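Please walk me through this model in the viewer, one selection at a time. I would like to know what to pick next and what is there.

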Amino acid sequence: MSSSITQNPLYYLINPRGIAFFGASNNFINMGTMILNSVLNMGYEGQIYPIHPKESTVLGLTAYTAIDQTPQAPDLAILVLPTKIVGDVLEQCGRRGVKNAVVVSGGFQESGPEGAAMQERLMRIAEQYGMRFLGPNCLGVANPHCKINTTPLPYECGPGFIGLASQSGSFVTQMYDQLRRLSLGFSTALSVGNEANVDLVDCLEYLGDDPHTKVIGMYVETIRRGRRFVEVARRVALKKPIVAFYVGGSETGRRAALSHTGALAGPDKLYDGILRQAGVIRAQTITELFDFCWALGSLPLPAGPNAVIQTDSGGPGAAAADACERSGLKLPPLGPSTIELLRPLVPHTGSLGNPVDITFPREFRNYYWDIPDALLCDENIHALLIYFVLPVELIYPSIAAQGLPVSEAKRQAVELVSGLLDQTRSLIDVHGKPVVGYSFNSLEQEPLRGLIARGMPVFSSPQRAARAVAAMSQYARLRQKLIAQGQTA
């Protein structure tokens with residue numbers, strides 16, 4: 001672990017060596033108990049100290065009547081308590097020497113003047129005792145690398161490369177299943193809630209130094225420290241892409257953000273300018289947020305906007321061409337040397353334009369290696385989009401026709417597909433250019449599932465694939481602009 005990350009003021013909040021738990025009991029429908037269960041089920045390896053005034057054990061763990069009764073002051077306290085006693089408990093933690101907290105409880109700034117006054121007290125306590133805390137009105141942190149999950153839903157994705165800073169807690173948890181299905185995961189996900197003490201800027205600084213994080217996603221309702229946000233984001237964007245989904249730009253979104261976290265959102269065009277100035281890619285939907293993070297975190301950046309489409313059917317190729325143009329990508333003609341390489345590989349019924357329409361490959365290897373390899377050799381091509389449809393059922397009959405037993409024919413078909421997928425995935429490493437797939441089939445089907453598991457993004461539509469590649473091209477341009485302006489990491 002690099003020294004820069006261990007010295008970050010949020011390090012032991014996100015990587016605690018011990019946790020005190022307020023609000024958990026042996027009542028399994030209690031929110032605090034659900035969160036403690038999540039921590040236990042994640043396999044957290046540090047010490048856990050449930051604090052409970054009556055129970056001697058909580059979920060099999062020795063419980064303590066007060067924080068000053070624990071054997072030592074833990075790094076982190078998690079508070080899932082009635083709003084009016086949160087301040088008193090946080091102060092007790094401060095006196096005990098606990099330096100970090102997650103305040104899950106709501107009813108503070110977002111609920112009106114009385115709640116705002118109680119939130120102000122939390123801020124004063126933190127300043128007095130040198131504490132950092134997430135919240136209030138948040139779900140805290142999911143850090144699979146440290147095996148901690150302070151949200152009530154189980155995290156089953158495994159350690160990943162996407163860092164997330166979110167002003168919505170449920171947004172974090174509802175992404176777990178989506179990431180799992182794409183063989184992705186969070187490096188660290190942070191729910192900041194009302195941002196009384198830790199805000200998006202603090203999270204950006206941490207995730208920017210985190211060695212597990214390759215790309216940073218943000219769910220934004222407001223940016224409270226605009227100038228500092230731009231400064232930090234510009235520095236981080238030199239090292240890692242940042243993608244933001246902003247929801248407060250409309251009047252309806254502004255009202256929703258105000259009631260959610262007490263956030264004062266700004267006009268859409270203003271935030272467009274802030275994000276662009278900061279070197280941040282803006283996503284228009286939650287789906288785009290994770291599509292962009294997926295591509296930016298797993299693929300090399302394109303050297304320019306020129307893309308080529310490979311398809312075995314005219315319709316998917318035309319749909320992708322339309323999507324590329326709408327996304328700002330260019331589809332240049334292939335060079336003469338590339339066309340010469342393709343002639344023996346593409347049937348006369350196919351097309352050597354862009355899109356390259358194979359119609360039907362002479363050999364499966366042609367489609368999955370030879371043709372895309374030739375396309376990526378073209379110096380004027382910066383990215384490749386491939387339409388994929390190769391059910392094992394199409395391969396099995398040709399193998400079975402050789403007179404093999406059914407079980408052996410199926411085994412060989414699976415083995416052949418596996419080899420083809422390995423070759424296709426290797427194109428990215430061989431050429432250092434982004435390759436993305438798209439299909440109209442379910443991504444749960446093989447071989448699409450196999451490509452995704454190997455680390456190649458495959459999208460459920462050409463529109464999503466094109467927008468993801470366009471986002472990569474946009475980030476590459478923004479990064480070069482920051483370098484030209486003399487920005488340093």
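Select Ala319, Ala320, Ala323, Cys324 and Ser327 in α13, then Pro462, Gln463, Ala466, Arg467 and Ala470 in α19: these two sets meet, where contact means heavy atoms within 4.5 Å. By class, the contact of α13 with α19 has seven nonpolar, two polar and one charged residues. Ala, Val, Leu, Ile, Met, Phe, Trp, Tyr, Cys and Pro count here as nonpolar, Asp, Glu, Lys and Arg as charged, and the others, Gly among them, as polar.

Now show both helices whole, α13 as residues 314–327 and α19 as residues 462–484; they pack at an angle of about 35°, with their axes 8 Å apart. Helices (H or I, at least four residues) and strands (E, at least two) are DSSP runs, numbered from the N terminus. The axes are lines fitted to C-alpha atoms, for helices over the stretch in contact, and angles run from 0 to 180 degrees between N-to-C directions. The crossing of α13 and α19 is right-handed, that is, the near helix is turned clockwise from the far one by less than a right angle.

This is a predicted model, in which local features need pLDDT of at least 70, side-chain atom pairs count only at pLDDT 80 or more, and totals for chains, interfaces and linings use all residues. Residues are numbered from 1 along each chain as its sequence is written, and side-chain values use heavy atoms, with hydrogens and water left out.

Next, colour by pLDDT, the predictor's confidence in each residue, from 0 to 100. The chain has a mean of 92, and 94% of its residues reach 70 or more. Select residues 257–264, where pLDDT stays under 50. Where pLDDT is low, the predicted coordinates should not be read in detail.

Then turn to the backbone. Most residues other than glycine have a negative phi, and most peptide bonds are trans. Go to proline 136, in the loop between β7 (132–134) and β8 (140–143); a cis peptide bond joins glycine 135 to proline 136, with omega about 0°. Another cis bond joins asparagine 354 to proline 355, with omega about 20°. Proline 355 sits in the loop between α14 (336–342) and β16 (356–357).

Which value does phi of serine 183 take? Phi of serine 183 is near 55°, a positive value, and the residue lies in the loop between α7 (176–181) and β11 (186–191). Last, select glutamate 195, in the loop between β11 and α8 (200–209); phi there is near 60°.

Is glutamate 195 buried or exposed? Glutamate 195 is buried, with a relative accessible area of 8%, whereas serine 183, at 38%, counts as partly exposed. Buried means under 20% relative accessible area, exposed over 50%, and partly exposed in between (1.4 Å probe, protein chains only).
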